[in-house]
Amino acid sequence: MADEILRTDGLTKYFGGLCAVGDVSFALSDGEIVGLIGPNGAGKTTLVNLMSGAFPPSSGTIHYNGRSVGGFKAHRLNKMGIARTFQVVRIFKTLTVLENIQASLIDRRRYGPWRLALTSLYKRAYSLDADADARQEAERLLDFVGLTDYRDELAENLPYAYTKRLEIARALATRPRLLLLDEPSAGLNPRELDDQIGIIRRINGQGVAILIIEHVMKVIMSISHRLIVLHYGKKIAEGAPEAVYRDPRVVEAYLGGDAHVAH
Amino acid sequence: MTPRTTRRLLTAAGLAAFFTLPLVVTDRYFLHILVMTGIFAILTSSWNLLTGYAGQLNLGHAAFYGIGAYTSAILATRLGINPWAGLLAGGLLAAAAGFLLGIPSLRLSGPYLAITTIGFAEILRLVAMNWVDLTRGSLGLYGIPPLTPIPITSNVSIEFTSERNFLYVLLIVLLLTVWAIRRMIRSGFGVTLKALRDDEVGAESIGVDTARFKLTVFTISAFFAGVAGALFAHYQRLISPDTLSLGETFAILTMTMLGGLGTLTGPILGAVILTFFSEWLRFVEDMVKLDVRMVIYGLLLIVTIRFMREGVVGLLVKLPWWPKTLGKGGSDGR
Amino acid sequence: MDSLFLQQVVNGLIIGSVYSLIAIGLTMIFGVMRISNFAHGDYAMVGAYVAVFVMMWLPGPLGWVNALLAAAVIVAVAGVVSELLIFRPLLDRRTDIDMIMVSIGLFILLENLAQFFFEARPRMLADPFGGNTVDLGLVSTSQLRLFCLAFSCVAIAGLQVFLNRSKTGIAIRATSQNSRAARLMGIDINRIYTLTFGLGSAMAGIGGVLYGTLFAVYPTMGAIPTLKAFVVTILGGMGNIRGAIFGGFILGVAETLGGSYLAMEYKNAIGFVIIILVLLIRPQGLFGQREGV
Ligand SMILES: Nc1ncnc2c1ncn2[C@@H]1O[C@H](COP(=O)(O)OP(=O)(O)OP(=O)(O)O)[C@@H](O)[C@H]1O
Ligand SMILES: [Mg+2]
């Protein structure tokens with residue numbers, strides 16, 4: 001496929017004896033939204049961790065843009081265009097909301113630590129006070145996720161729902177081609193959910209491919225072009241949302257959790 | 001007055017006071033206290049860069065200080081190298097040691113890093129004690145030359161044997177250090193350090209090569225401490241393995257915590273307060289014949305962490321006229 | 001194997017048993033509360049001074065045994081008080097820097113209070129066995145040292161039995177493994193914290209008496225046991241009690257052998273070299289399980 005951006009082959013991750021992800025193969029295309037679902041402990045987060053370089057796979061390969069990237073560090077993959085959010089938010093608590101974005105806006109492909117430290121001595125390197133472009137970009141992103149009112153608030157004082165959005169904005173600021181979202185809607189109320197769906201759609205509208213883990217079926221069914229289902233670390237189904245939703249194996253996987261699916 | 005002008009005025013006033021102080025003070029003992037304050041301010045500021053801003057708990061800062069002191073002292077006494085060059089050499093060798101000590105930080109954090117850094121400083125102290133050929137062991141190195149005079153005209157030159165002239169050199173180095181750290185902290189570099197302090201995994205996810213950033217900040221922090229050590233060597237002109245002791249590190253960290261960890265002015269404030277306070281205590285101790293200084297240090301450390309985590313600066317920021325750098329969340333280039 | 005070598009191994013085991021005893025307390029407290037207590041060795045110092053005073057009143061073997069008991073009790077109380085006043089309020093702090101720093105504050109405070117109250121001159125605890133030596137063929141040692149070894153082993157074994165058999169002990173271990181799960185199971189976490197801190201400090205107190213018996217008692221003696229206990233704890237994996245037991249013996253033997261065959265001056269550095277190597281090669285400790293990311 002010409003516009004395929006990521007492909008995994010036989011991706012496997014063991015934690016000690018536990019096989020968290022086993023022999024998972026799939027591909028993602030440019031600009032699509034793929035939902036990743038499965039019961040608790042199915043290995044969804046682990047899969048996202050593998051794709052974003054949090055730890056290396058035990059076996060199997062990951063190709064990104066045709067290049068084998070298995071075992072690449074997270075920062076390197078991010079520079080190559082893969083950004084992510086976390087199930088348990090990992091924002092920078094002592095930074096302001098604006099600074100959280102600013103931290104992402106630094107062009108790390110060009111600026112390593114030494115260069116950044118030394119240029120700061122004779123130039124206001126990436127200081128928001130001085131860099132008008134960066135400032136505009138940060139303001140735009142804040143506006144995009146609706147956090148303008150909170151820009152100078154410390155991130156640790158943000159209401160929970162907004163920390164999730166801040167993480168999304170922070171990830172976007174690195175200008176990704178592929179965005180991995182780990183349960184971005186967990187704990188949101190219905191109104192916030194609608195906002196969230198809107199935000200994700202608009203991100204995708206800018207040409208960013210999205211892999212989204214989600215338990216909230218309303219979200220997943222309404223935005224995914226395609227679904228992938230994990231169960232005990234194995235991929236048990238893949239395809240159009242409606243078809244997958246009725247797949248007996250999927251229903252089986254959620255058995256006892258029917259209520260969950262109907263959510 | 002806008003906060004910005006207040007800040008500028010305060011800075012200007014501070015600088016003016018800073019540079020006229022050595023002129024108005026004539027008491028040599030008082031000048032000596034000022035010198036020690038300045039040296040500690042460089043140490044606390046550099047330690048704060050590493051531990052306060054980058055979150056890397058370093059309990060071996062005195063090692064960098066000691067490396068700087070010994071390097072410059074040995075170069076000057078053994079090889080006759082100009083002390084001015086020695087300052088740079090001391091800083092650079094300390095920076096190299098900082099890079100080395102940074103390597104364990106790539107895998108360790110919290111207590112593990114703390115104990116590794118203590119171990120590093122202890123091993124160096126033992127080397128300084130026992131490598132008698134090079135360091136004269138516990139006797140220490142003496143006869144270290146002062147900074148070489150700078151010639152102005154053919155028969156006038158500035159000497160650095162007096163406390164006052166030395167103090168000027170020190171103030172300039174301190175100013176450069178604080179200025180550099182301030183520039184770094186307020187740039188993308190500083191934001192990145194704080195990000196990696198707050199959440200390393202989060203920082204990696206936005207493209208921060210945390211390993212290289214940690215090595216860099218260890219190196220930079222150690223450089224400043226090394227220069228401070230070299231300055232001390234040419235001021236005191238006698239150094240011993242005590243410069244590398246845990247006690248020195250504890251003084252540095254108590255000052256910084258008291259002033260305000262992770263703030264720009266806190267470490268300097270802490271150095272001023274505790275250096276003067278210790279000297280004052282000396283008088284009291286002479287009167288009551290008791291050594292209470294360290295007892296008070298210990299208490300101060302506990303009370304500061306328990307009840308005023310932001311240190312003295314955290315209290316000052318609450319004052320209405322104190323200039324705020326940022327909007328709601330901001331305090332002193334936090 | 002010559003007899004000097006064996007002799008050093010035996011010496012190493014004796015001092016190692018004391019390291020284990022002190023380190024167990026540190027590792028327990030870390031395991032349960034995630035507190036790295038840099039003042040731990042000062043609890044040992046307090047214990048040693050308790051012994052000094054008890055043995056002033058009551059010399060001889062009986063006095064020594066009483067000293068050990070008194071040290072355990074008094075230091076346990078001191079530990080619990082410091083836990084309640086200093087450590088517990090910081091449990092929810094954002095970084096572990098606060099906890100480490102506050103313990104350093106406590107270390108500075110205790111060490112200097114001791115200098116304030118007790119003279120700097122080292123005191124020897126009188127040998128309750130009158131300096132009798134024991135000849136074991138190839139090696140010989142004093143009755144006192146053998147008794148130190150025996151006593152640490154008994155204390156360690158006693159603690160192990162308590163942790164493995166008693167309900168409270170099992171609750172402590174459960175909390176150490178997973179405090180959230182333990183709380184959900186209805187374990188009173190705060191009680192466990194207090195108990196652990198008390199027990200851990202008591203171990204340090206007893207260890208301090210033995211340490212003081214083997215070496216000397218002086219106000220700043222706490223620093224070395226603190227550092228040694230950290231070395232041992234890291235060697236065995238932080239929070240790992242069995243690791244601390246083995247780690248203590250390993251460090252004791254490594255130090256005496258290194259001290260006699262390599263360089264005496266660097267004896268105290270041997271531990272650091274070991275942990276730096278361990279941390280770089282096996283950060284989870286020799287006996288620890290590798291934690292996931
Ligand atoms: N770092 C780790 N170390 C050890 N085991 C892990 C680790 N991360 C995940 N696991 C285990 O791997 C399995 C899969 O976990 P994972 O977090 O990927 O599931 P998930 O599908 O994201 O579940 P949830 O819906 O609850 O978020 C679980 O059994 C989990 O306990
Ligand atoms: Mg998950």
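**How far apart do the C-alpha centres of domain 1 of chain A and domain 2 of chain A lie?** In this predicted model, the two centres lie 26 Å apart. Let's take a tour of the close-up views, beginning with these domains.

**Figure 1. Chain A is divided into two domains.** Domain 1 takes in residues 1–81 together with 177–263, and domain 2 covers residues 91–175.

**Figure 2. Domain 1 of chain A meets domain 2 of chain A.** Here 18 residues of domain 1 of chain A are in contact with 13 residues of domain 2 of chain A. The size of an interface is often given as the accessible area lost when the parts come together. Between these two domains, the buried area is about 1300 Å², and carbon and sulfur atoms give 63% of it. Four residue pairs are in polar contact between the domains, with both residues at pLDDT 80 or more. On the domain 1 side, α2 (74–80), β7 (178–182) and α7 (190–205) of chain A each supply at least two of the touching residues. Of these elements, α7(A) gives the most, with six residues. By residue type, the domain 1 side divides into seven nonpolar, four polar and seven charged.

**Figure 3. One salt bridge is counted between the domains of chain A.** Which side chains meet in a salt bridge at 3.3 Å, N to O? They are those of R165(A) and D195(A).

**Figure 4. One salt bridge is found across the interface of chain B and chain A.** Look for R90(A) and D199(B), whose side chains meet at 2.8 Å, N to O.

**Figure 5. Four strands of chain A form an open sheet.** The strand order is β2-β1-β4-β5, with antiparallel pairing. Which strands stand at the edges? They are β2 (18–29) and β5 (67–68) of chain A; each has a single partner strand, so one side of each is left without a neighbour in the sheet. Strand β1 (residues 4–15) of chain A is joined to β2(A) by eight bridges. As a landmark on this antiparallel pair, find Y14(A), which stands opposite C19(A) in β2(A).

**Figure 6. Strands β9 and β10 of chain A run antiparallel.** Five bridges join β9 (residues 226–231) to β10 (residues 234–239). Within this pairing, V229(A) has A237(A) of β10(A) as its bridge partner. The hairpin of β9(A) and β10(A) has two residues between the strands, and Y232(A) takes a positive phi near 45° there.

How values were computed: Residues numbered from 1 in each chain as written. Chains lettered and ligands numbered in written order. Predicted model: local features only at pLDDT ≥ 70, side-chain atom pairs only at ≥ 80, totals over all residues. Heavy atoms only, no water. Domains from an automatic or database assignment. Contact = heavy atoms within 4.5 Å. Buried area = accessible area lost by both parts, 1.4 Å probe. Salt bridge = Lys/Arg side-chain N within 4 Å of Asp/Glu carboxyl O. Polar contact = N/O pair within 3.5 Å; in protein donor to acceptor, adjacent residues only side chain to side chain. Nonpolar A, V, L, I, M, F, W, Y, C, P; charged D, E, K, R; others polar. Pairing = 2+ DSSP bridges.
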